[in-house]
Amino acid sequence: MPDRAAIRDEAHRIRRVFEAAGAEPFEGAILQPADTLLDLYGEDIRGRAYVTADPLRGEQMLRPDFTVSVVQAHMESGRDTGRYAYSGLIFRQQDEHPERPSEYFQTGLEIFGGDPAEADAEVFAAISAQLDGLPVRAVTGDIGVLIAAVEGLETSAIRKAALRRHLWRPERFKALLARYSAGTDLDALRGGLLARVRAGEDVLAGAGPEIGLRSQAEVMARLDRLVADAAEPPIPAEQVALLDRILRLRGAAWAMAAPLRELAGVIPSLAEAAARMEARLAALEARGIDLDTLEFEGSFGRTTLEYYDGFVFGFLVDGQRPDNWPPVASGGRYDAMTRVLGNGRGAPAVGGVIRPEQVLKLREAQC
Amino acid sequence: MLKLGVPSKGRLMEQTFDWFADRGISLARTGSDREYAGAVTGVDGVELVLLSAGEIPRELAAGRIHLGVTGSDLVREKLAAWQTKVESLALMGFGHADLILAVPKFWLDVETLSDLDAAAAAFRAAHGHRLRIATKYHRLVRDYLRHHGVADYQLVDSQGATEGTVKNGTAEAIADITSTGETLRANHLKILGEDPIHASQANLFRSLTAAWGEAELASLAQITGKVAAAA
């Protein structure tokens, strides 16, 4: 077991390597306003982060990651491009897994702007170089492929938005997709309510007083959406089968662009995703990454914190399953999060972290 | 000495005493009405510890009492990874209470958790903040909503009069214990879904962290023997 001072030194050493390659040092606050994190991650983060109260600033959280504060700092700087390296402690409650550490070091690199394929490859290669010679394997995925597949479905914008919103909650995603493709009689499920709405009846009369912030108008608006949704034809079975195929794609990363091109025959939006993947693979190869050993899993990155929306990767100890914690290193692209934290103004962004404690453990085991 | 923690007052205490009496174990408060001391007859080596029902989960988890009577809702809410700290020896058949989610009755479009999720997404887009659910059962409600893939909500703490929070504008929905549902109806709320978040009742819990010596194990065997004989 490496001691804390050694872990800290390794964390800072890796950060200096990133700095030497052109990244600016970043230092963020440990106490973060809870509101920002809750709005981004949802209530679940309360179960995973430490919340503390400040009598003046309100609820604060011990930082559960660096990414959010790096993004905020970059968006506030108003610059188009940026490259940041950081190292320090992050804090996670481990209610369900008391064997896991609740504070640990992370060293990370985040790149904003520039060509997305190049930036993806740069982050991946920088992290990979730090793990050289260790018994780890890299698994990659691409949430962008899933998003493109959903966007390309033959169905309403509302259904696409609902599916996209739940990409990171596989159970609900599956349930939604099943409902949208089954052609269920939604009228019957609601006991004739939708027929009454369709007929223009004032269904809210006598339904009870309007209490709380959600207004009668909002209830009616959703009932109208439900009426429209009930008239929506089911998503074609071949498209559902194809989504399923994408989620089950597994194999060498270099071999994945071809099947995607083929699937683009059914969902045309996949052609662009395939092109992005090819550009990324070329950029990775140009940086000396051995594509033969790079794995791809269609569903990789779906169960992590929900902000990755493109390339995702994890470095796992040989024999470790992707859902096993902790990966030695992990990261991905999160363009959409920059728009949320940048008040609508976004920037292409990709980043990754290394867990220096895991690196030292692997090195010790080799001696 | 095996320490048995039971609720110190009210109906829960009376029902606990009755339940043990039916199994040949007599519990009684001793001393003055105000003194929290008790006596146990019918089994050997058991000390009665009178506690607030809400504190019993914590005392069990800390191993300061060996056995304790409290609601399964309180154990699940107050103890993280409760299965690693206590185990249930018996469902006691009283203290029934369901933890439910309720929304305004006029939300005709919201009947299921899937509806709640969709309504929450639209609410957030319209109001700029997440849909608020008032409760004091944060852990149970959060775990439940995560399990069912509901997003875009926030929990606001309410330690009492929770049914009134919607009308008062401090929440859009509530999650609370209900035994009859009358308070919900009076506050123009309806229960969401068919099954409660948790159907609670009083349990006899055993601490997995307390020091179980030979004497305590012998007393435990006497108690479980009597409980099994009555079942």
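User: What covers the buried residues of helix 2 of chain A?

Analyst: Happy to start there, with the reminder that this is a predicted model. The cover includes strand 2 (31-33), strand 3 (51-54), strand 4 (58-62) and helix 3 (67-77) of chain A. It also includes strand 9 (153-157) of chain B.

User: Which residues of helix 2 of chain A are buried, and what makes them count as buried?

Analyst: In helix 2 (residues 34-41), they are Ala34(A), Leu37(A) and Leu38(A).

User: What comes just after helix 2 of chain A?

Analyst: Gly42(A), with a positive phi of about 85 degrees.

User: What makes strand 3 and strand 4 of chain A a pair?

Analyst: Pairing needs at least two bridges, and strand 3 and strand 4 of chain A have 4, so they qualify; their sense is antiparallel. Within that pairing, Thr52(A) has Gln60(A) in strand 4 as its bridge partner. A hairpin of 3 residues connects the two strands.

User: How many residues of chain B are in contact with chain A, and which elements supply them?

Analyst: On the chain B side 28 residues are in contact with 32 residues of chain A. Helix 4 (113-127), helix 5 (138-147) and strand 9 of chain B each give two or more residues to that side. Helix 4 of chain B contributes the most, 7 residues. By class, the side of chain B that touches chain A holds 16 nonpolar, 5 polar and 7 charged residues.

User: What are the domains of chain B, and what lies where they touch?

Analyst: Chain B is split into domain 1 (2-95 + 202-230) and domain 2 (97-199). Their centres, taken over C-alpha atoms, are 33 Å apart. In contact are 5 residues of domain 1 and 7 residues of domain 2 of chain B. On the domain 1 side, helix 3 (residues 72-78) of chain B gives the largest share, 3 residues. That side has no nonpolar, 2 polar and 3 charged residues.

User: What confidence does the predictor give?

Analyst: Chain B has an average pLDDT of 92, with 97% of the residues scoring at least 70. For the complex, the ipTM is 0.85 and the pTM is 0.86.

Conventions
Residues are numbered from 1 along each chain as its sequence is written. Chains are lettered from A and ligands numbered from 1 in the order in which they are written. This is a predicted model: local features need pLDDT of at least 70, side-chain atom pairs count only at pLDDT 80 or more; totals for chains, interfaces and linings use all residues. A residue is buried if 20 or more other C-beta atoms lie within 10 Å of its own, exposed if 12 or fewer, and partly exposed in between; C-beta atoms are placed from the backbone. Two residues are in contact if their C-beta atoms, placed from the backbone, lie within 7 Å. Ala, Val, Leu, Ile, Met, Phe, Trp, Tyr, Cys and Pro count as nonpolar, Asp, Glu, Lys and Arg as charged, and the others, Gly among them, as polar. Domain bounds come from an automatic or database domain assignment. pLDDT is the predictor's confidence in each residue, from 0 to 100.
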